[in-house]
Amino acid sequence: MKVLVTGGAGYLGSITCKALEQAGHTPVVLDSLLVGPRQFTEGRIFYEGDIADRAMVQRVLEDHPDIEATVHMAARIVVPESVELPYEYYRDNVAKSLELFDHLVAHGKPRILFSSTASLYALKDEFEVREGDGLATNSPYSRTKRMMEQVLEDMSQATDLRAIILRYFNPIGADPDLETGYHLKDATHVVPLLAQTALGQRDVFTITGTDLPTRDGTGIRDYIHAWDLAKAHVKAIEKFDEVIEAEGAPTAYINLGAGDGVTVRELIAAVERVVGKPVPTREAPSRPGDAVGAFANADKAARVLDWRTELSLDEAIASALAWGEKRRSILGYD
């Protein structure tokens with residue numbers, strides 16, 4: 001099938017496009033290139049434009065009337081930046097998504113697969129979160145994601161819109177061919193920062209938060225290979241109507257994860273294990289908006305999508321390191 005992928009020039013968006021292609025589908029990329037690099041669109045159907053630009057979305061739909069679903073990944077995603085720039089986050093993540101959803105429904109394209117976040121779950125003593133657990137958004141970023149979920153819920157009750165909402169934590173690694181990966185020049189996420197430190201491109205890795213209520217005092221998260229996450233999106237697109245029918249409701253929430261959690265110190269140990277040498281570190285207080293963390297129970301994904309993670313943490317780290325050494329040749333910077 002043909003699938004519209006908003007944010008398809010981004011990190012996970014571009015890898016999802018490759019997974020769609022390998023499964024025999026055709027991605028149509030709509031991206032403003034605010035963050036994603038143009039290099040990640042090469043060889044694909046690509047429209048440079050804003051998701052809230054109705055004329056642009058109309059053009060895409062007219063050019064490709066056989067689009068059967070939309071994977072909505074276009075968003076700002078950096079937690080500390082969202083604290084500093086709340087207006088930009090609410091504008092780009094919420095207001096513009098609302099325009100996109102309305103236009104898609106008006107033109108008979110009601111299937112929307114939304115990439116959300118598991119960071120909006122409330123903290124639990126056991127750290128494992130399930131789809132029905134309580135929520136406690138703790139940053140403008142996570143609040144924008146929850147608002148978009150609520151928009152989809154409300155619109156699905158009033159219109160033909162149908163939505164599958166995927167919640168997950170940190171994707172790491174690159175695509176199997178090392179053609180796309182984490183692309184921000186100034187890394188903000190933990191694994192790219194660790195990879196740069198391990199490769200000697202940074203002097204030291206900063207552990208932010210060492211007195212948290214976890215087994216070693218550092219934050220806990222899922223770290224999932226981006227290729228596994230991309231394949232989950234493909235599964236959700238392929239089983240879209242089946243999932244919605246089984247849900248018995250116009251929206252379905254599905255967690256993605258490995259079913260366990262990794263602390264920052266454990267992640268550092270894994271990187272050291274892969275590279276075979278110590279990673280220089282220092283400690284610092286938690287950043288504004290940082291959460292203690294959690295990891296996602298993914299039993300529902302196994303049941304309704306027939307999806308489970310296949311790649312290990314060490315394989316994901318090895319992929320991230322290999323991409324870190326190659327990305328200069330693609331993007332022009334370390």
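This is a predicted model: local features need pLDDT of at least 70, side-chain atom pairs count only at pLDDT 80 or more; totals for chains, interfaces and linings use all residues.
**Close-up views of a helix contact and an aromatic pair**

**View 1. Residues where helix α9 meets helix α11.** From α9, the residues Leu267, Ala270, Val271, Arg273, Val274 and Val275 touch Leu313, Asp314, Ile317, Ala318 and Leu321 of α11.

**View 2. Geometry of the α9 and α11 packing.** Two packed helices are described by the angle between their axes and the distance between the axes. Here, helix α9 spans residues 264–275 and helix α11 spans residues 313–331; the two pack at an angle of about 65°, and their axes are 9 Å apart. With that angle, α9 counts as roughly perpendicular to α11, a class that runs from 65 to 115 degrees. As for handedness, α9 and α11 make a right-handed crossing.

**View 3. The aromatic pair of tyrosine 11 and tyrosine 182.** Searching the whole structure turns up two aromatic pairs. In one of them, tyrosine 11 and tyrosine 182 sit edge-to-face, with 5.8 Å from centre to centre and 80° between the planes. Tyrosine 11 belongs to helix α1 (residues 11–22), while tyrosine 182 is in the loop between β8 (170–172) and α6 (190–198), so the pair ties together parts that are 171 residues apart in sequence.

Technical notes: Residues are numbered from 1 along each chain as its sequence is written. Side-chain values use heavy atoms; hydrogens and water are left out. Rings of Phe, Tyr and Trp (its six-membered ring) pair if their centres lie within 6.5 Å; planes under 30 degrees apart count as stacked, over 60 as edge-to-face and the rest as tilted. Helices (H or I, at least four residues) and strands (E, at least two) are DSSP runs, numbered from the N terminus. Axes are lines fitted to C-alpha atoms, for helices over the stretch in contact, and angles run from 0 to 180 degrees between N-to-C directions. Angles under 35 degrees count as roughly parallel, over 145 as roughly antiparallel, 65 to 115 as roughly perpendicular and the rest as oblique. A crossing is left-handed if the near helix is turned anticlockwise from the far one by less than a right angle, and right-handed if clockwise. Contact means heavy atoms within 4.5 Å.
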